[in-house]
Amino acid sequence: FFDPMGTMPKFDPRAPDRNTELGEASMLLGRLYLKGAGPIGKDPREAHKWFERAFKVGHVAAAKAVGDLYYFGVEGEPDMKTAFAWYSRGARFGHAPSQFALARMYETGEAGKVDLKTAVAWYNEAAKIEYPAALYALGYAYDKGIGVSRDPVRAIGLYKTGAIKGDVGAQAMIATCFYTGDQVEKNLPQARQWFEAAARGGDAEAAFSLAA
């Protein structure tokens with residue numbers, strides 16, 4: 001028997017939006033107040049209240065929503081310390097977007113100081129369930145030797161998977177690899193295909209390469 005006020009349900013990272021009806025309803029209200037829709041006026045503070053309630057009744061993805069409010073300063077000035085705390089909550093429960101956000105804060109130093117080793121560790125956690133942005137970030141780390149020993153072969157594998165999953169950065173990188181023949185056999189049709197995919201996703205450099 002699930003007690004919605006006192007039990008945190010098991011979170012499945014491969015189905016991050018599957019949750020209790022109460023949690024889903026709270027998240028929906030939060031999103032409505034965040035953007036404003038129909039008779040519901042835009043009210044970030046009310047959105048915040050509902051996102052926090054969603055987390056309290058077991059909706060793990062709500063941690064990322066609350067963290068974003070603090071990170072982007074939706075209700076006032078950005079508060080990195082509190083954003084970090086909320087991303088950490090979601091990350092510990094296996095929520096890939098929270099793990100990615102936490103990793104990014106460690107990488108940029110927004111978590112207090114730059115910690116590339118911990119950043120890579122969290123990118124790796126999110127990449128385990130093939131979160132597209134994390135696949136690209138981890139691939140880039142291995143490609144350039146950021147926080148880990150350089151491993152171009154592993155980087156290519158991560159770029160490929162990220163590209164297939166729809167990450168624009170990964171699509172642009174794998175296109176470049178096919179274009180130059182770096183770590184893969186040179187293949188101009190494949191390069192064009194991936195440059196086009198990245199360009200359609202908004203990557204300006206990929207659009208330029210496609211035109212060239």
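This is a predicted model: local features need pLDDT of at least 70, side-chain atom pairs count only at pLDDT 80 or more; totals for chains, interfaces and linings use all residues.
View A. Arg150 is exposed, with a relative accessible area of 54%. Its partner in a salt bridge is Asp143, with the closest N and O atoms 3.8 Å apart. Asp143 is buried, at a relative accessible area of 12%.

**View B. The salt bridge between Glu130 and Lys165.** The two side chains meet at 3.1 Å, N to O. Glu130 lies in the loop between helix 6 and helix 7, and Lys165 in helix 8, 35 residues apart. Glu130 is partly exposed, with a relative accessible area of 33%; Lys165 is also partly exposed, at 44%.

**View C. The salt bridge between Arg45 and Glu75.** The N to O distance is 3.9 Å. This pair links distant parts of the chain, Arg45 in helix 2 and Glu75 in the loop between helix 3 and helix 4. Arg45 is exposed at 60% relative accessible area, whereas Glu75 is partly exposed at 28%. The structure holds 7 salt bridges.

View D. The buried residues include Lys64 and Asp68. They pack against helix 1, helix 2, helix 4 and helix 5. Just after helix 3, Gly73 has a positive phi of about 65°.

**View E. The largest nonpolar core, with 43 residues.** Tyr87, Leu102, Tyr123, Leu138 and Ile174 have the most contacts inside this core. Elements giving two or more residues to the core include helix 4 and helix 10. Beyond its neighbours within four places in sequence, Leu138 contacts Val120, Tyr123, Asn124, Ala127 and Leu158. Another core, apart from this one, has 11 residues, among them Met27 and Trp86.

Conventions: Residues are numbered from 1 along each chain as its sequence is written. Side-chain values use heavy atoms; hydrogens and water are left out. A nonpolar core is a set of buried Ala, Val, Leu, Ile, Met, Phe, Trp, Tyr and Cys residues joined through side-chain atoms within 4.5 Å. Buried means under 20% relative accessible area, exposed over 50%, partly exposed in between (1.4 Å probe, protein chains only). Helices (H or I, at least four residues) and strands (E, at least two) are DSSP runs, numbered from the N terminus. Contact means heavy atoms within 4.5 Å. A salt bridge is a side-chain nitrogen of Lys or Arg within 4 Å of a carboxyl oxygen of Asp or Glu.
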